[in-house]
Amino acid sequence: MKRWTITTVIALVLAVPLVIAACGSSSSSSSASPTPAMTASPATSPAAAKDIVDTAVAAGQFTTLAKALQAAGLVDALKGTGSFTVFAPTDAAFAKLPAGTLATLLKTPKGELTRILTYHVVPGTVMAADITNGMTAKTLEGSTLKFTIKDGKVHVNGAQVTTADVPASNGVIHVIDGVLIPPKK
């Protein structure tokens with residue numbers, strides 16, 4: 001299994017300005033436009049050459065997510081083929097968790113941390129234009145996410161989508177401002 005070294009993560013984080021500049025602007029084949037509170041990235045940008053993990057790490061605002069994915073052993077799964085939609089919480093979103101929560105989750109990553117992380121992933125590609133008010137989607141964890149649109153802003157289980165349709169070679173990323181917690185089983 002491939003392990004991420006600190007040097008690799010730092011190098012990818014430093015590549016953020018280059019990735020952002022490379023994205024440029026292009027037209028989307030969708031006739032729907034993103035809501036004002038949601039920034040859409042073109043689905044056909046050069047950044048799509050990177051998989052979901054590399055795209056997220058390169059963005060520089062997902063170091064906590066990358067650390068959690070590595071601890072849970074999910075990096076290879078999200079680097080694999082398929083088509084995944086990832087609702088990616090930023091470092092600021094993880095910082096909103098109660099004190100000590102993340103440290104506790106990282107101590108036993110194969111349990112609740114894995115459930116939480118897989119709750120952020122939907123098989124297949126769900127683009128911003130596909131999301132409707134009241135829509136649901138089943139996650140890899142097995143539970144369902146619910147989407148709402150309030151005041152022109154898309155939310156998934158209460159977390160706001162702040163950037164939509166970030167392309168990756170094996171799916172799409174939607175940046176969210178909160179960590180999604182699956183229902184108790």
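Which residue forms a salt bridge with Arg115, the closest N and O atoms being 3.3 Å apart? That partner is Glu112. Let's take a friendly walk from this pair through the rest of the model, which is a predicted one.

**Salt bridges**

The structure holds 4 salt bridges. Three of them are set out here.

| Pair | Closest N and O atoms |
|---|---|
| Arg115 and Glu112 | 3.3 Å |
| Arg115 and Glu141 | 2.9 Å |
| Asp54 and Lys79 | 2.9 Å |

Arg115 and Glu112 both sit in helix H8 (residues 109–118), 3 residues apart, which means about one helical turn separates them. Glu112 counts as partly exposed because its relative accessibility is 30%. Arg115 also forms a salt bridge with Glu141. Since Arg115 belongs to helix H8 and Glu141 to the loop between E4 and E5, this pair ties together parts that are 26 residues apart in sequence. Both Arg115 and Glu141 are buried.

Asp54 and Lys79 make another such link, with their closest N and O atoms 2.9 Å apart. Asp54 lies in helix H3 (residues 52–59) and Lys79 in helix H5 (residues 75–79), so parts that are 25 residues apart in sequence are tied together. Asp54 is at 18% relative accessibility and therefore counts as buried, while Lys79, at 22%, counts as partly exposed. Asp51 joins Asp54 and Lys79 in a network of salt bridges.

In strand E8 (residues 171–176), 6 of 6 residues are buried. In a regular strand the side chains alternate between the two faces of the sheet. Here, Gly171, Ile173 and Val175 are buried on one side, and Val172, His174 and Ile176 are buried on the other.

E8 pairs with strand E2 (residues 84–89) in the parallel sense over 6 bridges, and Phe87 has His174 as its bridge partner. With strand E7 (residues 159–168), E8 runs antiparallel, joined by 5 bridges; Ala168 stands opposite Gly171. A hairpin through 2 residues joins E7 to E8.

**Two buried loop residues**

Asn170 is found in the loop between E7 and E8. Its relative accessibility is 4%, so Asn170 counts as buried. Beyond its neighbours within four places in sequence, Asn170 is in contact with residues including Asp51, Lys79 and Phe84.

Thr139 lies in the loop between strand E4 (136–138) and strand E5 (144–150). Thr139 likewise counts as buried, at 4% relative accessibility. Not counting residues up to four places away in sequence, Thr139 touches Thr118, Tyr119, Val121, Val122, Pro123 and Leu145.

Key: Residues are numbered from 1 along each chain as its sequence is written. This is a predicted model: local features need pLDDT of at least 70, side-chain atom pairs count only at pLDDT 80 or more; totals for chains, interfaces and linings use all residues. Side-chain values use heavy atoms; hydrogens and water are left out. Helices (H or I, at least four residues) and strands (E, at least two) are DSSP runs, numbered from the N terminus. Buried means under 20% relative accessible area, exposed over 50%, partly exposed in between (1.4 Å probe, protein chains only). Contact means heavy atoms within 4.5 Å. Two strands pair if DSSP finds at least two bridges between them. A salt bridge is a side-chain nitrogen of Lys or Arg within 4 Å of a carboxyl oxygen of Asp or Glu.
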